[in-house]
Amino acid sequence: MAFTDKQESLVNSSYESFKQNLSGNSIFFYTFILEKAPAAKELFSFLKGSAGVQDSPQLQGHAEKVFGLVRDAAGQLRATGTVVLGDASLGAIHVQKGVVDPHFVVKEALLQTIKKAVGDKWSAELSTAWEVAYDALATAIKKAY
């Protein structure tokens, strides 16, 4: 099934909602990840050695990049039906950091963060759009391993 214009629109509009509270949503996102996979803390340079998730420009920048990559994946899926990494080093970075499948709790954290960001606009259709885009991006990153 093709990724639709409506799905891309849902991802884009909810991404804008995410960015409206970038600081709070970034903290929520990384707190969620570390609750599910505490060992992942050492994978993020801006969290190493910290007591926990603290607001910082690096935290916000990385969260914005992650969510932006998924948003971009949605656009590629709608336009071409596939996701091609714009930055081929993403796979190598994940290997270098030691990212393995159990660390891929990011999907659940991403969905919960978008749900929080959009509030009552959350729907199964919105969730599915983000899930499909995320899965396609994760597959592209893993292929680049």
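Modeller: Helix 2 has 15 residues, and its first and last C-alpha atoms lie 21 Å from each other, close to the 21 Å expected at 1.5 Å a residue. The model is predicted. Buried positions in helix 2 are Leu 22, Asn 25, Ser 26, Phe 29, Tyr 30, Phe 32, Ile 33 and Leu 34. An α-helix has 3.6 residues a turn, so residues three or four places apart point the same way. The cover over the buried residues of helix 2 includes helix 1, helix 3 and helix 5.

The setting comes next. The protein chain contains 6 helices and 0 strands, in the order α-α-α-α-α-α from the N terminus. Of its 145 residues, 43% count as buried. Among contacts with a separation of 6 or more, 74% are between residues 24 or more positions apart.

The largest nonpolar core holds 44 residues, and Phe 29, Tyr 30, Ile 33, Phe 67, Leu 110 and Trp 130 have the most contacts inside it. Two or more residues of this core come from each of helix 1 (5-20), helix 2 (22-36), helix 3, helix 5 (106-118) and helix 6. Helix 6 supplies the largest share, 10 residues.

One is Phe 67, whose contacts beyond four places in sequence are Tyr 15, Phe 18, Phe 29, Leu 110, Thr 113, Ile 114 and Trp 130. The other is Thr 113, which lies in helix 5. Thr 113 has a relative accessible area of 0% and is therefore buried. Not counting residues up to four places away in sequence, Thr 113 touches Phe 18, Asn 25, Phe 28, Phe 29 and Phe 67. Asn 25 and Phe 29 are themselves among the buried residues of helix 2.

Helix 5 also packs on helix 1. Their axes are 8 Å apart, at an angle of about 80°, so helix 1 is roughly perpendicular to helix 5. Helix 1 brings Ser 14, Ser 17 and Phe 18 to this contact, and helix 5 brings Thr 113, Ile 114, Ala 117 and Val 118. By class, these residues are 4 nonpolar, 3 polar and no charged. Phe 18 and Thr 113 therefore meet in this contact, and Thr 113 is buried at 0%.

Elsewhere in helix 1 is Gln 7. Gln 7 is buried, with a relative accessible area of 9%. Apart from neighbours within four places in sequence, Gln 7 is in contact with Ala 2, Thr 128 and Ala 129.

Helix 3 is another part of the cover over helix 2. Helix 3 has 24 residues and spans 33 Å from first to last C-alpha, close to the 34 Å expected at 1.5 Å a residue. Leu 59, Ala 63, Val 66, Phe 67, Gly 68, Val 70, Ala 73, Ala 74, Gly 75 and Leu 77 are its buried residues. Helix 1, helix 2, helix 5 and helix 6 are included in what covers them. After helix 3 comes Gly 81, with a positive phi near 85°.

The axes of helix 3 (residues 57-80) and helix 6 (residues 124-143) come within 8 Å and cross at roughly 95°. Helix 3 and helix 6 are therefore roughly perpendicular to each other. Here Phe 67, Leu 69, Val 70, Ala 73, Ala 74 and Leu 77 of helix 3 meet Trp 130, Val 132, Ala 133, Tyr 134, Ala 136 and Leu 137 of helix 6. The residues of this contact are 12 nonpolar, no polar and no charged.

With a relative accessibility of 0%, Val 70 counts as buried. Leaving out residues up to four places away in sequence, Val 70 touches Leu 110, Trp 130, Ala 133, Tyr 134 and Leu 137. The C-alpha atom of Val 70 is 9.8 Å from that of Val 83, which is 13 residues away along the chain.

Phe 29 and Phe 67 are both listed with the residues that have the most contacts inside the largest nonpolar core.

Methods. Residues numbered from 1 in each chain as written. Predicted model: local features only at pLDDT ≥ 70, side-chain atom pairs only at ≥ 80, totals over all residues. Heavy atoms only, no water. Axes fitted to C-alpha atoms, helices over the stretch in contact; angles between N-to-C directions. Helix = DSSP H or I, 4+ residues; strand = E, 2+ residues; numbered from the N terminus. Parallel < 35°, antiparallel > 145°, perpendicular 65-115°, else oblique. Contact = heavy atoms within 4.5 Å. Nonpolar A, V, L, I, M, F, W, Y, C, P; charged D, E, K, R; others polar. Core = buried A, V, L, I, M, F, W, Y, C linked by side-chain atoms within 4.5 Å. Buried < 20%, exposed > 50% of the residue type's maximum accessible area, 1.4 Å probe, protein only. Expected span 1.5 Å × (residues − 1).
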